[in-house]
Amino acid sequence: MTRTIRVQPQAFDAGHAAAALTVGRTDVGALVSFVGLCRDEAGRLAALELEHYPGMAEAELERIAAEAESRWPLLGLTVVHRYGKIAPGEPIVLVAATSAHRAAAFAAAEFIMDFLKSRAPFWKKEHRADGTAGAWVEAKDADEQALARWQRPQG
């Protein structure tokens with residue numbers, strides 16, 4: 001199992017990262033990747049500034065990656081999350097998962113993204129296009145509901 005977890009300020013090449021999971025691998029039958037981009041919110045947003053707690057963010061991403069690996073038969077997994085000031089149209093996050101079959105790769109990628117949207121230790125602050133002070137982005141109920149479907153029964 002190949003796992004890559006990175007938290008970095010610079011943009012990433014999603015195609016290169018995905019290709020790295022499959023090169024020389026004849027056992028991989030599915031590659032699922034997701035790239036989250038910064039939106040301009042109908043022209044209102046100049047940038048998002050993402051902050052994180054170094055060390056904690058990486059440890060949480062490693063933890064959720066390990067949980068995904070324990071739930072699905074993955075062959076490879078890459079998670080890259082940026083921090084710093086990110087302009088509209090730029091990539092923020094990449095999740096790429098490989099497996100012998102598509103269902104496991106799709107489920108693992110979706111599980112990790114649901115975690116990232118609601119639990120990962122990243123904080124987003126808006127920088128508005130009109131120059132006024134932006135606000136910290138609040139968690140959304142829909143993100144919490146998406147994460148809830150992955151909860152394992154207790155007991």
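Predicted model: local features only at pLDDT ≥ 70, side-chain atom pairs only at ≥ 80, totals over all residues.
H2 provides the largest share, with five residues. Sorted by class, the lining of the second largest pocket comprises six charged, five nonpolar and one polar residue.

The largest pocket holds about 700 Å³ of space. It is lined by 30 residues, of which Leu48, Lys117, Lys124, Val137 and Lys140 lie closest to the pocket centre. At least two lining residues come from each of strand S2 (30-37), S3, strand S6 (91-99), helix H3 (102-118) and S7. The class composition of this lining is 17 nonpolar, ten charged and three polar residues.

Strands S3 and S7, which both contribute to the lining of the largest pocket, also belong to an open sheet of three strands in the order S5-S3-S7, paired antiparallel. Strand S5 (84-86) and strand S7 (122-128) each have a single partner strand and stand at the edges, so one side of each is left without a neighbour in the sheet. On average, neighbouring strands of the sheet are turned by 25° against each other, direction ignored. The antiparallel pairing of strand S3 (residues 45-52) with S7 extends over seven bridges. Within this pairing, leucine 50 has lysine 124 of S7 as its bridge partner; Lys124 is also among the residues closest to the centre of the largest pocket.

Definitions and conventions: Residues numbered from 1 in each chain as written. Heavy atoms only, no water. Pairing = 2+ DSSP bridges. Helix = DSSP H or I, 4+ residues; strand = E, 2+ residues; numbered from the N terminus. Axes fitted to C-alpha atoms, helices over the stretch in contact; angles between N-to-C directions. 1 Å grid on protein atoms, 1.4 Å probe; cavity = no way out; pocket = protein on both sides within 12 Å on 5 of 7 lines; lining within 4 Å. Points joined across faces, edges and corners; volume = space filled by probe spheres on them. Nonpolar A, V, L, I, M, F, W, Y, C, P; charged D, E, K, R; others polar.
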